[in-house]
Amino acid sequence: MEYDALLTSLKIVKALEARDVIVQANFQLVIGQVRGDYKAKEERMQKYLTLVWQVLPYFNDIEFQQIPRAKNMEADFLTWLSSSDE
């Protein structure tokens, strides 16, 4: 679900035509995998990671920062939004 939220966020930012982006999220594992700090071992995680990497070339500069969950209400909303049927 965290990868869904990240992908939704990146699609929104791309639709807004932003090219320089700082992604802040509390998804330690996902952010670590995208930055290359952690290896995606599960096949499902590898597929999500590939989808993220396919979007990244659009951006001129993109930085991924892991932040504490208490400071990440927006990511919680995007997680809910990405899991919504509408």
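The legends below describe close-up views of one predicted protein model.

Residues are numbered from 1 along each chain as its sequence is written. In this predicted model, local features need pLDDT of at least 70 and side-chain atom pairs count only at pLDDT 80 or more, while totals for chains, interfaces and linings use all residues; side-chain values use heavy atoms, with hydrogens and water left out.

View 1. From the N terminus, the order is α-β-α-α-β-α. Helices (H or I, at least four residues) and strands (E, at least two) are DSSP runs, numbered from the N terminus. The protein has 86 residues, and 35% of them count as buried. Buried means under 20% relative accessible area, exposed over 50%, and partly exposed in between (1.4 Å probe, protein chains only). The accessible surface comes to about 6,000 Å². Carbon and sulfur atoms hold 51% of that surface. Areas come from the Shrake-Rupley method with a 1.4 Å probe; for residues, only the protein chains shown count as cover. Among contacts (heavy atoms within 4.5 Å) with a separation of 6 or more, 78% join residues 24 or more positions apart.

View 2. Gly36 follows α2, with a positive phi near 90°.

View 3. Ile31 has a relative accessible area of 0%. Beyond four places in sequence, Ile31 touches Ala25, Phe64, Gln65 and Gln66. From Ile31 to Glu63 is 32 residues in sequence, and 9.9 Å in space, C-alpha to C-alpha. Gln33 is also buried, at 3% relative accessible area. Leaving aside residues up to four places away, Gln33 touches Tyr3, Tyr38, Lys39, Ala40, Met45, Leu49 and Trp53.

**View 4. Helices α1 and α3 pack at an angle of about 10°.** Their axes are 10 Å apart. That makes α1 roughly parallel to α3. Axes are lines fitted to C-alpha atoms, for helices over the stretch in contact, and angles run from 0 to 180 degrees between N-to-C directions. Angles under 35 degrees count as roughly parallel. From α1, the contact uses Tyr3, Asp4, Leu6, Leu7 and Leu10. They meet Met45, Tyr48, Leu49, Leu51, Val52 and Val55 in α3. The contact residues divide into 10 nonpolar, no polar and one charged. Here Ala, Val, Leu, Ile, Met, Phe, Trp, Tyr, Cys and Pro count as nonpolar, Asp, Glu, Lys and Arg as charged, and the others, Gly among them, as polar.

**View 5. The largest nonpolar core holds 22 residues.** Such a core is a set of buried Ala, Val, Leu, Ile, Met, Phe, Trp, Tyr and Cys residues joined through side-chain atoms within 4.5 Å. Tyr3, Leu6, Leu10, Val34, Val52 and Phe64 touch the most other members. At least two residues come from each of α1, β1, α2 and α3. Phe64 is in contact with Leu6, Val23, Ile31, Val34, Arg35 and Leu56, neighbours within four places aside.

**View 6. Glu17 lies in the loop between α1 and β1.** Its phi is positive, near 65°. Most residues other than glycine have a negative phi. Glu17 is exposed, with a relative accessible area of 65%.

Notes:
Parallel < 35°, antiparallel > 145°, perpendicular 65-115°, else oblique.
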